[in-house]
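Welcome, and please open the structure in your viewer.

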Amino acid sequence: MKNPEIAVMSYGPIVMPVADRHVGLQLKVTAPATGDNLPVLIISHGHGRSNFLSSLYGYGPMADFFSKNGFVVIQPTHQNSKTLALDANLPEAPLFWSSRPKDITYIIDNLDQILSKVPGLSTRVNKEQVTVVGHSMGGHTVGMLAGMQVKDPATGKTVNAIEKRLKAYVMIGAPGAPAGLVQSAKDHYPVLNNGDFSTMTQPVLIVNGDKDINPNFSVVDNWRADGYYVSPGHKSLLTVYGAEHIFGGISGYDSNETTDESPERVEFVNQCILAYLRSALNPKDTSWEDAQKQLNDIPGSKGRIDNK
């Protein structure tokens with residue numbers, strides 16, 4: 001990891017009482033020990049089979065990287081996390097899909113209060129520059145925040161959770177369009193069969209591994225890149241060569257759920273996302289354009305960037 005000498009601090013859990021939630025919203029904040037005018041990055045974890053990676057305790061390789069690079073990282077524990085052990089018979093269990101984007105909106109609504117709980121941090125943060133990154137089911141959450149509408153399979157009502165206060169949206173290994181789902185996935189996770197990318201109008205970076213194929217969900221090549229190809233408006237696609245669903249290990253250090261373990265790939269994914277965020281937060285910043293020039297059509301590059 002680059003910037004290993006940069007000191008960071010982590011504070012948590014912060015527990016916020018939230019109406020219409022089965023438990024309080026647990027949060028961890030990781031930030032540089034020094035510096036001012038710091039932007040905010042919210043990480044939305046996946047669903048996963050692990051007990052702790054899908055919670056505020058996971059995604060250390062991303063939380064550490066981005067905090068060392070000047071971001072205040074906020075990690076919520078969504079209600080699907082196994083750490084909460086919520087009743088599997090509750091409505092929307094096990095994914096609790098509609099409460100997940102609400103968690104992000106709650107964080108934005110209550111950012112001052114959340115940051116004030118971390119000693120010495122609140123005055124160092126640029127609270128107008130808030131971004132979000134989500135992996136797997138977290139990518140689905142980011143898609144909803146970017147405008148993807150979802151028809152509730154239980155009620156038939158359309159859920160719109162768009163959050164335009166976010167300055168950048170990043171979907172990593174997110175579920176693709178319903179057309180590519182296998183029947184067993186449609187039956188087991190009906191909400192994934194009810195998303196509409198045609199309404200995802202905000203600019204989004206979609207990160208796709210070209211080896212991220214799970215026949216339990218889809219047998220379509222690059223299914224998880226659908227958010228780029230199917231949605232309207234400005235979108236970017238980072239294709240990571242050789243990457244499977246955990247992209248070298250972004251969800252946790254030395255995690256046995258990583259089938260393509262590669263610290264170098266984790267670093268590459270993080271660096272590319274950092275370039276995208278810097279350019280999204282500052283229109284004069286050319287980091288994303290520079291990254292594209294360094295990758296596309298270069299022999300031996302670790303990936304490719306496309307924009308539309």
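Is F71 buried or exposed? Select F71 in this predicted model and show its surface: F71 has a relative accessible area of 3%, under the 20% cut-off, and is therefore buried.

Keep that residue on display while we widen the view. Across the whole structure, a search finds six aromatic pairs. Start with one of them by selecting F65 and F66: their rings are edge-to-face, with 5.0 Å from centre to centre and 85° between the planes. Now check the surroundings of each partner. F65 is buried, at 1% relative accessible area, and F66 is buried too, at 0% relative accessibility.

Next, bring F71 back into the selection. F66 and F71 also make an edge-to-face pair, with centres 6.0 Å apart and planes at 90°. Show the three side chains together and you have a cluster, in which ring pairs link F65, F66 and F71.

Select F217 and R224: the charged end of R224 sits over the F217 ring, 5.7 Å from the ring centre.

For the last stop, select Y228 and K308. Here K308 lies over the face of Y228, and the distance to the ring centre is 5.4 Å.

Note on methods
Residues numbered from 1 in each chain as written. Predicted model: local features only at pLDDT ≥ 70, side-chain atom pairs only at ≥ 80, totals over all residues. Heavy atoms only, no water. Phe/Tyr/Trp six-rings, centres within 6.5 Å; stacked < 30°, edge-to-face > 60°. Buried < 20%, exposed > 50% of the residue type's maximum accessible area, 1.4 Å probe, protein only. Lys NZ or Arg CZ within 6 Å of the ring centre and 35° of its normal.
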